[in-house]
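Colleague: I have a model open and would like to talk through how its parts pack together. Could you take me through it?
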Amino acid sequence: MSSDVTQPQVDSIYKPLPKVTGWRLFLKTVIARAYPRLIGQQREKSWMFFDIFLPMLAVSAYVFVYRAIQAPEDYVGFAVMGGAMTAFWLNVLWSMSSQLYWEKEQGNLALYIIAPNQMMAILLGMALGGMLATALRAVAIIFLGTILFNVTFVVSSFLQLLVVFMLSMTALYGMGMMMASLFLLLSREAWHLSNLAQEPIYLVSGFYFPIKSFPFWIAAGASIIPLTLGLDAMRQLIFASGPALGFVSVKLEVSVLLVLCVVFLVGAKLLLDYMEKLAIREGRLTESRR
Amino acid sequence: MSPLAIETRKLGRIYKIRGNKKEKNVRKELAALSDVGIQIEQGELFGLLGPNGAGKTTLIKILTTLLAPSTGEAFVAGYNVLNEPQHVRPRINMVSGGESSGYGLLTVRENLWMFSQFYGMPSREANQRIVDLLKLVGLGDRINTKSSDLSTGLRQKMNIVRGFMTDPEVLFLDEPTLGLDVGASRDVRHLIRGWLDDDKKRTLLLTTHYMVEAEELCDRVAIINQGRVLACDSPSVLKRRLQEDILFEIKTSPLNGLSAQAIEDLPEVHTASLTEMEDGALLKLALVEESALGPVINALTDKNITIMSLNKHEHSLEDVFVQLVGHSIAEAEKGSQDE
């Protein structure tokens with residue numbers, strides 16, 4: 001065959017290799033699918049502008065408004081935290097949700113399906129990669145915001161903060177995994193849903209102000225988005241005036257977040273199974289609608 | 001007889017097509033596959049030959065668990081593709097021509113490593129196999145190139161490596177040389193043959209609309225058109241079925257009064273035709289038996305006619321296809337483009 005290289009022995013190439021199955025295969029799949037997200041970030045640096053500089057402009061606008069009306073200084077910190085968490089929300093809404101659709105268009109989805117792994121592992125890998133990549137952006141926004149606007153943090157419990165953050169992320173990306181299946185079924189029509197969801201959720205989830213400002217039932221309704229309660233709980237745990245401006249107690253918020261985690265992860269699994277069966281039956285898995 | 005690697009029984013697939021804006025609620029049906037029954041033994045290289053839209057890819061999608069059949073059953077490695085996909089998937093892999101799978105930001109090695117993990121391959125061994133296979137297809141020097149920087153042909157070679165890398169029992173190649181140049185296509189064909197010859201338990205199903213590829217590679221070929229299998233056998237048997245006569249073309253010096261009728265009167269000569277040329281003549285023969293050629297040559301030499309060249313005309317799969325379908329693949333595809 002090609003003569004530019006030393007040819008390896010054919011029998012060594014094709015020698016059957018031991019392959020893992022079960023939870024080891026699941027874990028390998030999660031890590032392998034997370035890898036492109038993480039490595040992609042290192043190779044495509046444009047995110048620094050779009051995902052740090054632009055959100056910082058939105059944060060700055062709120063900071064200047066709060067300072068103009070002489071709002072309590074912790075509100076500046078609220079806006080910075082909101083800016084950081086926005087990165088996760090946008091990642092879930094625009095990247096995670098549409099990912100399976102793009103995988104289908106690229107031809108990857110068919111290869112994921114015919115491989116002996118579980119599609120849930122692929123989705124978890126996408127979520128993990130997206131979450132870790134976005135965490136770097138969120139940290140950058142918090143760091144910049146803290147330096148630029150002199151934000152003071154008073155952390156009451158690091159452990160609780162970590163638990164709230166992890167639960168928020170699990171529930172949020174569980175929701176993203178559910179949305180990914182939904183996007184695959186609805187194809188481009190799902191884009192309208194995302195557009196429809198983006199701005200109202202910015203408002204009712206209290207990204208830049210405490211949701212306590214809303215009537216109770218509006219804030220309670222908005223709590224279906226995990227970041228609403230997650231952000232509120234984190235603010236209560238890291239700012240001096242946080243508990244006074246909190247929606248409900250951190251304990252209650254943690255409990256609701258736990259429920260949301262279960263609901264979204266189980267929902268994602270069920271919806272994914274349903275989607276796979278439906279798509280195989282109707283022939284939608286690997287081609288656009290006929 | 002070897003155990004069956006692939007079997008389909010009365011397999012059919014109907015697509016429901018939505019109407020245009022005026023006929024939004026009207027559902028039309030398109031039969032992409034009808035009553036397909038094929039049996040492929042372990043170790044075979046089986047070809048599906050047909051024009052675009054013939055149903056080749058639909059059949060592959062069903063066999064790779066991506067699509068449910070509307071009627072009938074399909075088995076791969078003894079497992080039902082619809083009810084037991086969990087047993088089928090570890091045993092198969094698939095490569096499609098012109099696919100753009102993987103991620104452009106990842107290097108060739110990284111893309112292949114990622115897919116190896118989905119099959120549970122140990123990382124170190126997978127990486128070594130990736131290096132070896134890339135060398136074998138002449139991509140050894142591109143291992144750290146981002147896949148977005150590869151040409152179509154090189155990208156396809158990477159895809160082919162992805163298919164072989166996991167050592168499947170049954171490999172599905174859907175138009176694997178689509179868009180490749182002559183040299184790259186030859187490399188891919190060598191790789192395919194080498195992979196099969198290495199272990200007789202491996203089976204490969206190849207779809208193509210390149211007749212030469214099917215003829216050169218396949219142990220058996222199914223000719224498929226409009227969702228139906230029209231014929232299924234080895235290329236040589238298919239070609240023999242086409243016509244019982246054995247055809248020869250003999251270029252000679254001027255004929256010195258010898259007539260076509262005189263040759264036709266010889267035993268076992270079915271037909272003979274003579275065409276005068278500037279420097280001699282062209283004699284076309286259809287013989288019942290190859291042994292009839294001897295008396296024809298004797299008749300020519302008796303008249304002091306010099307034989308300048310003698311060619312046996314072999315039927316090609318293209319001839320078989322034209323006879324079965326009524327037109328060539330190229331004509332079928334031109335027709336579908338015009339529509």
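Colleague: What do the buried residues of α3(B) pack against?

Modeller: This is a predicted model, and in it the buried residues of α3(B) pack against α2 (22-43) and α5 (108-114) of chain A, together with α4 (123-136) and α5 (152-165) of chain B.

Colleague: How many residues of that helix are buried?

Modeller: Helix α3 of chain B, residues 108-118, is mostly covered, since 10 of its 11 residues are buried. Among them are B:Val108, B:Leu112, B:Met114 and B:Phe115, and also B:Arg109 and B:Glu110.

Colleague: And what follows α3(B)?

Modeller: The helix is followed by B:Gly120, whose phi is positive, near 75°.

Colleague: Switching topic, which residues touch the most other members of the largest nonpolar core?

Modeller: Those are A:Ala79 and A:Leu123, in a core of 155 residues. Helix α4 of chain A, residues 74-106, gives the most to this core, with 15 residues. Apart from it lies another core, of 10 residues, which includes B:Ile250 and B:Ile305.

Colleague: What does A:Leu123 touch, leaving out residues up to four places away in sequence?

Modeller: With those left out, A:Leu123 touches A:Met177, A:Ala180, A:Ala268 and A:Leu272.

Colleague: Now chain B as a whole: how many helices and strands?

Modeller: Chain B has 12 helices and 15 strands, and of its 339 residues 43% count as buried. Looking at contacts in chain B between residues at least 6 apart in sequence, 71% join residues at least 24 apart.

Terms used
Residues numbered from 1 in each chain as written. Chains lettered and ligands numbered in written order. Predicted model: local features only at pLDDT ≥ 70, side-chain atom pairs only at ≥ 80, totals over all residues. Helix = DSSP H or I, 4+ residues; strand = E, 2+ residues; numbered from the N terminus. Buried ≥ 20, exposed ≤ 12 C-beta atoms within 10 Å, placed from the backbone. Contact = placed C-beta atoms within 7 Å. Core = buried A, V, L, I, M, F, W, Y, C linked by C-beta atoms within 7 Å.
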